[in-house]
Amino acid sequence: MEGASDAQPRERSATARYGSTGSLGAEAEADNVQVNGTGHFYISPTRSYIVTFILFLINLLNYMDRFIIAGVLGDIQDYFKINDTLAGLLQTVFICSYMILAPLFGYLGDRYDRKMLMSIGIFIWCGVTLAGSFTTPSYFWALVLCRALVGIGEASYSTIAPTIIADLFVGDKRTIMISIFYIAIPVGSGLGYILGSGVMKLTGDWHWSMRVTPCVGFLVFLFLIFFVPNPSRGASEDHTDSPSSRTSWREDLKYLCTNRSFVLSSFGTASVSFTTGALGFWTPVFLLRARNINNFTEHTTNSSHDSLIFGAITCVTGIVGIGIGAMTSKYLKKKIPEADPLICAVGMLSSSPCLFIAIVLAKHSIALTYFFIFLAEIFLALNWAIVADILLYIIIPTRRSMAEAVQITICHVLGDASSSYIIGAISDTIRRSQPASSYWSFVSLEYAFLLCPFIAVVGGALFLWTARYLEEDRKKASQQIRDPAEVTCAQRT
């Protein structure tokens, strides 16, 4: 039965092409590169795996950095004397700059040197993250500005890195490598909580929590410079990346908007992003407030204990969920061509009742809340690698960076760019109408959190809708990859 792997004309057992000898230089003499009679050169499987590992490390650091603030959010609120709305703004400004810049880097990534674009973005990310760790109590807006500038690095990397992996692998190997790459999302998020709260406990100062990832980031930046190649677009699928195949930004958007599977799966991904963004940003604070009203612990504003537990849960559920999703996809696609969006739909619809139960049980049992959060996060994690794989086999190679950028923009505009702020704003609105107390501080956030199970149901419906068009769009992209003349024609329509 046809599946994601059908987009490949054939899978090489040893090598994958990535450019031409004219751009390779001294690398053509390396043992892990082979040159054929036509002048194309190939990257060895070993080198491909090393490249994937380096990209995984950078993605891991990106998500660690993103959620370190969530791990010490209570301490940041005390330090700057800010409410829930302003606290949520720290995440929102970062995501907003990220989603605004993503289409730009997507457009550039389909046309210019992808390695150079990633290198510039990662260097900026490391620099402004480190700068943000030196803010003082009277300069909260300086921290907000730094978090906004971090979006430059994330936009350059997130739109481009998956397309490089796609140009190194095809078929089941691509699915596995993409799964490994996207494991960095939950694992990095979880490690961000652990690192943030752990360094806070060790030093007594949240500023030091923000200085670890940029320092390690500069080291991984060097790995990117010296070990990651710049593959030609579509090399693993024998697709020619030539100036004649380049199209305008408007033509790219028109192509993407007419791909129904892409549009629907992108909106489905937005629901995943909304739910995980809200859950990731507010859960430690929510559980801390639940403990305070139930006298589980002495009243405190330090959420580091729950950040450590939630971080560990996020790491484990991410690995388990993405692994289950990838293996289930690999098995079912042989029998059901539309398996991928159906798996995503099952994940979203199953997470909704788990989230609801976790939220309403928080004031009664923290242990049971953690159990249902564990289940919900496994179901949510089923989606990450599968959604990325869907994009790669329904979009032609020369438009994949742009597709990644558009999907990122959609899922963040409607997802985690707004969710952390919306949850905080709803919480503050409810609290202002009630007496000031620990009880209403918890209940207001509890009511705001109940938006997440509803959004998860909407996401499940969108993925079910995606399944209706998936096979048609996959076959269309596969045909365009096999027939360069059809690609050129499709790009101009």
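Where is the place of Lys81? Select Lys81 and look. Lys81 sits in the loop between helix H3 (73–80) and helix H4 (84–109). The model on your screen is predicted.

**Stop 1: Lys81**

Now check the backbone. Phi of Lys81 is near 60°. That is a positive value, in a residue other than glycine.

**Stop 2: the whole chain**

Zoom out. The chain has 493 residues, and buried residues make up 62% of them. Colour by secondary structure. You are looking at 19 helices and 3 strands.

**Stop 3: helices H2 and H5**

Two packed helices are described by the angle between their axes and the distance between the axes. Select residues 45–71 for H2 and residues 114–132 for H5. Their axes come within 12 Å. They cross at roughly 30°. The crossing of H2 past H5 is left-handed.

Which residues in H2 and H5 meet? Show these side chains:

- From H2: Leu55, Ile58, Leu61, Asn62 and Asp65.
- From H5: Met118, Ile122, Trp125 and Thr129.

Colour them by type. The residues of this contact divide into 6 nonpolar, 2 polar and 1 charged.

**Stop 4: aromatic rings**

How many aromatic pairs does a search of the whole structure find? The count is 16. Start with Tyr49 and Phe169. Their ring centres are 5.6 Å apart and their planes are at 20°. Planes under 30 degrees apart count as stacked, so Tyr49 and Phe169 form a stacked pair.

Tyr49 lies in helix H2. Phe169 lies in the loop between helix H7 (161–166) and helix H8 (171–203). The pair therefore ties together parts that are 120 residues apart in sequence.

Is Phe169 buried or exposed? Phe169 is buried, with a relative accessible area of 5%. Tyr49 has 38% relative accessibility, so Tyr49 counts as partly exposed.

Next, select Tyr79, Phe80, Phe140, Trp141 and Trp206. Ring pairs link these residues into a cluster.

**Stop 5: charges over rings**

Select Arg147 and Phe94. Arg147 lies over the face of Phe94, at 5.8 Å from the ring centre. Then move to Arg211 and Phe134. The charged end of Arg211 sits over the ring of Phe134. The distance to the ring centre is 4.2 Å.

**Stop 6: Ser133**

Ser133 is in the loop between H5 and helix H6 (140–158). What does Ser133 touch, not counting residues up to four places away in sequence? The answer is His207, Met210 and Arg211. At 0% relative accessibility, Ser133 counts as buried.

**Stop 7: Ser271**

Finish in helix H11, residues 260–294, and pick out Ser271. Ser271 has 5% relative accessibility, so this serine counts as buried. Leave aside its neighbours within four places in sequence. Ser271 is then in contact with Met348, Ile455 and Gly459.

Now draw a distance from Ser271 to Val458, C-alpha to C-alpha. The two are 7.1 Å apart in space. In sequence, Ser271 and Val458 are 187 residues apart.

Terms used. Residues numbered from 1 in each chain as written. Predicted model: local features only at pLDDT ≥ 70, side-chain atom pairs only at ≥ 80, totals over all residues. Heavy atoms only, no water. Axes fitted to C-alpha atoms, helices over the stretch in contact; angles between N-to-C directions. Helix = DSSP H or I, 4+ residues; strand = E, 2+ residues; numbered from the N terminus. Left-handed = near helix turned anticlockwise from the far one by under 90°. Contact = heavy atoms within 4.5 Å. Nonpolar A, V, L, I, M, F, W, Y, C, P; charged D, E, K, R; others polar. Phe/Tyr/Trp six-rings, centres within 6.5 Å; stacked < 30°, edge-to-face > 60°. Buried < 20%, exposed > 50% of the residue type's maximum accessible area, 1.4 Å probe, protein only. Lys NZ or Arg CZ within 6 Å of the ring centre and 35° of its normal.
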